[in-house]
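Please read them with the structure open.

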Amino acid sequence: MSTGRDPGLQPERTRLAWRRTLLTVTVVTALAVRLASTGDPAGAVLAGGTVLVWGALLVLCWPRGTGTGPARTGGRTLPLVTAGTVVLALLGVLLVLRGLW
């Protein structure tokens, strides 16, 4: 009986999940920039914030999504991605509210 752990397809599933996360954040960022492109300065600021959060999440998710190495955050990737997602959600709500007024 072997005592070694067989990870099976778990590493591939993990990489695919990180890629889906990054793709979703990219689509949300593109939609936020499109929604904010009406020429309103407040919308431009919100879109700029969205792009900054997208860049930070890109740096966090890319090594995990491509399998090129461990995250550079010392095990804090998941809480940082969660915080970035919450910030993106709040920016999205602000963009929608701005569009309603």
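Predicted model: local features only at pLDDT ≥ 70, side-chain atom pairs only at ≥ 80, totals over all residues.

In which helix does Arg20 lie?

1. Arg20 lies in helix α1; helices (H or I, at least four residues) and strands (E, at least two) are DSSP runs, numbered from the N terminus. With a relative accessibility of 52%, Arg20 counts as exposed, where exposed means over 50% relative accessible area, buried under 20%, and partly exposed in between (1.4 Å probe, protein chains only).

2. Residues are numbered from 1 along each chain as its sequence is written, and side-chain values use heavy atoms, without hydrogens or water.

3. On the overall fold: the protein chain has three helices and zero strands, in the order α-α-α. Of its 101 residues, 26% count as buried. Among contacts (heavy atoms within 4.5 Å) between residues at least 6 apart in sequence, 67% join residues at least 24 apart.

4. On the core: the largest nonpolar core has 15 residues, and those with the most contacts inside it are Val53, Leu57, Cys61, Val81, Leu88 and Leu95. Helices α1 (10-35), α2 (41-66) and α3 (77-100) each supply at least two residues of this core, and α2 gives the most, with six. Such a core is a set of buried Ala, Val, Leu, Ile, Met, Phe, Trp, Tyr and Cys residues joined through side-chain atoms within 4.5 Å. Leu95 touches Ala32, Leu35, Ala36, Gly43 and Leu46, leaving out residues up to four places away in sequence.

5. On Thr29: this residue of helix α1 counts as buried because its relative accessibility is 5%. Its side chain reaches the backbone oxygen of Val25 at 2.8 Å. Beyond neighbours within four places in sequence, Thr29 is in contact with Thr50, Val51 and Trp54.

6. Together with Leu23 and Leu31, Val27 forms a nonpolar surface patch of about 290 Å² of accessible area. Accessible areas come from the Shrake-Rupley method with a 1.4 Å probe.

Technical notes. Polar contact = N/O pair within 3.5 Å; in protein donor to acceptor, adjacent residues only side chain to side chain. Patch = residues over 30% accessible without salt bridge, like charges linked within 9 Å, V, L, I, M, F, W, Y side chains within 5 Å. Salt bridge = Lys/Arg side-chain N within 4 Å of Asp/Glu carboxyl O.
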